[in-house]
Amino acid sequence: MSNQTPLLEEHLALGASLTDFAGWQMPLRYTSDIAEHTAVREAAGLFDLSHMGEIAVVGPQAAKALDHALVGNLSALAVGRARYTMICQEDGGVIDDLVVYRLAEERFVVVANASNAPEVLSELSQRAEGFTAHVYDMSADTALIAVQGPRALEIVAIVAPGQRPVLEAMPYYAWATVRILGHDMIVSRTGYTGEDGFELYVPNALAVPLWRALLEAGSPLGLVPAGLSARDSLRLEAGMPLYGNELDRTTTPFEAGLGRVVKLDKTDDDGAPLDFVGRAALESRKGAQPARVLVGLQGLGRRAARAGYPVLNGTDAEAVAVGTVTSGVPSPTLGFPIALAYVTPELSGEGTELAVDVRGRAEPFRVVPFPFYRRPKS
Amino acid sequence: MATFPANLRYTAEHEWVDDSTPTTVGITDTATEALGDIVYLELPTVGTEIEAGAVIGEVESTKSVSELFSPVSGTVVEVNQAAIDDPALVNSDPYGEGWLFKVQVSAEGELLDAAAYEALAQG
């Protein structure tokens, strides 16, 4: 059985090619992957992200429950802000990467990847036992629409008359209640494209009117609907991990270069180190040399590396495997192949010449820092 | 929408050939629609002897990559440099300006007529 977002009919009417993504029928592209990608870099793109999971954690000890359940310090998150964090296993392996919103002192929303949402819900429910906090799933009733790109602010401001100052003043990773189409909606300045942008959380019933209003307001400014294919190439240029590619249960945040999300210094009410799930394993990993590290690769030829391809220590016949590509694409913005890969630490230095086995032929790649693309400062 | 020009013949791997001499080879819009934006073509060079059914190149898009199978046996006599330089031509005009290469044919492979290919592609 395939899940459908409330916007499926809109996608079909716009001529979208659909793909199955984590059990959801989602738009892969509407017209052209590259045109959609470029529109987001130069103007704006409109994304249906209603497949994402939204899980509420509510109650007097909601913050404490999340401090215990996640690697981040959610008690310290101010109302009005959002934070990127992770939920890990006892052994430190990543169950999912998350964005957590603090809606009120005692109310949080945890946004999980579609593929992991059921597992995150179940883990959070178990880990919240013993705290006065209630965990429940809002995913089935919640649609999520993102407007991403340098013109996103202008476009959202058109559908939210009189509230441009609120949108303008919103810092990155903050949210506010914004009145749109006669309803109060949660709008956050977040995204997964490397551009400025907003994400709008609405009840399913408002998804179609909001989608149409944004499309109408944005089209004259260059906004186009954008599918998952553009979303993937955009996030990869921006060096953002994708769960299932860069992150999984056999990977700790440290190997992925995301050790900063692990807050080993968080404390309980008495000032003692707070015992969160995965703490012992992650503490021993911190500072230790991981067996593999995530690096950026730039292709020196034209053929792109793809997820799962072996990384080699050279292009000659004696070259041996030293890692694996986790994501790769011919970068539409940069014009050359880019990839993320796990490699042995001694070969992870910037400028190291490596190769990728692209369907039987060793293609030259060089280790480069990522993000591969940073938006120009406005 | 996918189209199936009646004057062409097809392979199950979504290549087409015309009936001219030398024979022109390309890929169908069913293939280009599945691939998305094509960004790189690897084609056999002029003079290459190719064999029907063999992998002779690849077509890479932002999203994926697909091997190119030779629909016929023979010698490559011309390659579409314009398509190599601007692979978007294959998306915009797969049966016209986006042709791939021309072959002096010595033997045909297993080719389908338009109706048979359409049934296969739509199936």
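These legends go through a predicted model with two chains, one close-up at a time.

**Figure 1. Chain A as a whole.**
Let's start by getting our bearings in chain A, which has 9 helices and 20 strands. Its radius of gyration is 21 Å, close to the 21 Å that the globule rule gives for 378 residues, so chain A is as compact as a globular protein of that length. Now look at contacts in chain A with a separation of 6 or more: residues 24 or more positions apart account for 67% of them.

**Figure 2. Chain B as a whole.**
Chain B brings 4 helices and 9 strands. If you walk along its sequence, the pattern reads β-β-β-α-β-β-β-β-β-α-α-β-α. A compact globule with 123 residues would have a radius of gyration near 14 Å, and the 13 Å of chain B agrees with that. Along the principal axes, its C-alpha trace spans about 35 × 30 × 20 Å. Here 41% of the 123 residues count as buried. Among contacts in chain B between residues at least 6 apart in sequence, 62% join residues at least 24 apart.

**Figure 3. Where the two chains touch.**

**Figure 4. Helix H2 against helix H8 in chain A.**
Zoom in on this pair and you'll find H2(A) and H8(A) packing at an angle of about 55°, with their axes 8 Å apart. That angle makes H2(A) oblique to H8(A). The crossing of H2(A) past H8(A) is right-handed. From H2(A), the residues in the contact are Asp33(A), Glu36(A), His37(A) and Val40(A), and they meet Ser229(A), Ala230(A), Ser233(A) and Leu234(A) in H8(A).

**Figure 5. What covers helix H2 of chain A.**
Stay with H2(A), which is mostly covered, with 7 of its 10 residues buried. Which residues of H2(A) are buried? They are Asp33(A), Ile34(A), Glu36(A), His37(A), Ala39(A), Val40(A) and Arg41(A). Besides H8 of chain A, these buried residues pack against several strands of that chain: E3 (24–29), E4, E10 (142–148) and E14 (223–225).

**Figure 6. His51(A) and the residues around it.**
His51(A) sits in the loop between strand E4 (44–48) and strand E5 (53–58) of chain A. Is this residue buried or exposed? His51(A) counts as buried because it has 22 C-beta neighbours inside 10 Å, and the cut-off for buried is 20 or more. Leaving aside neighbours within four places in sequence, His51(A) is in contact with Asn3(A), Thr5(A), Phe21(A), Ala22(A), Trp24(A), Met26(A) and Ala114(A). Pro6(A) is 45 residues away along the chain, yet its C-alpha atom and that of His51(A) are separated by 9.8 Å.

**Figure 7. Two residues with positive phi in chain A.**
Most residues other than glycine have a negative phi. Ala22(A), one of the contacts of His51(A), has a phi near 50°, which is positive. Ala22(A) is in the loop between strand E2 (17–21) and E3 of chain A. With 16 other C-beta atoms within 10 Å, Ala22(A) is partly exposed. Leu181(A) also has a positive phi, near 55°. Look for Leu181(A) in the loop between strand E11 (175–180) and strand E12 (183–188) of chain A. Its 13 C-beta neighbours inside 10 Å make Leu181(A) partly exposed.

**Figure 8. Two cis peptide bonds.**
Most peptide bonds are trans. In chain A, the bond from Phe370(A) to Pro371(A) is cis, with omega near 10°. Pro371(A) is in the segment after strand E20 (361–368). In chain B, the bond from Thr21(B) to Pro22(B) is cis, with omega near -5°. You'll find Pro22(B) in the loop between strand E2 (15–17) and strand E3 (23–27) of chain B.

Note on methods. Residues numbered from 1 in each chain as written. Chains lettered and ligands numbered in written order. Predicted model: local features only at pLDDT ≥ 70, side-chain atom pairs only at ≥ 80, totals over all residues. Buried ≥ 20, exposed ≤ 12 C-beta atoms within 10 Å, placed from the backbone. Contact = placed C-beta atoms within 7 Å. Rg over C-alpha atoms; globule rule 2.2 N^0.38 Å. Axes fitted to C-alpha atoms, helices over the stretch in contact; angles between N-to-C directions. Parallel < 35°, antiparallel > 145°, perpendicular 65-115°, else oblique. Left-handed = near helix turned anticlockwise from the far one by under 90°.
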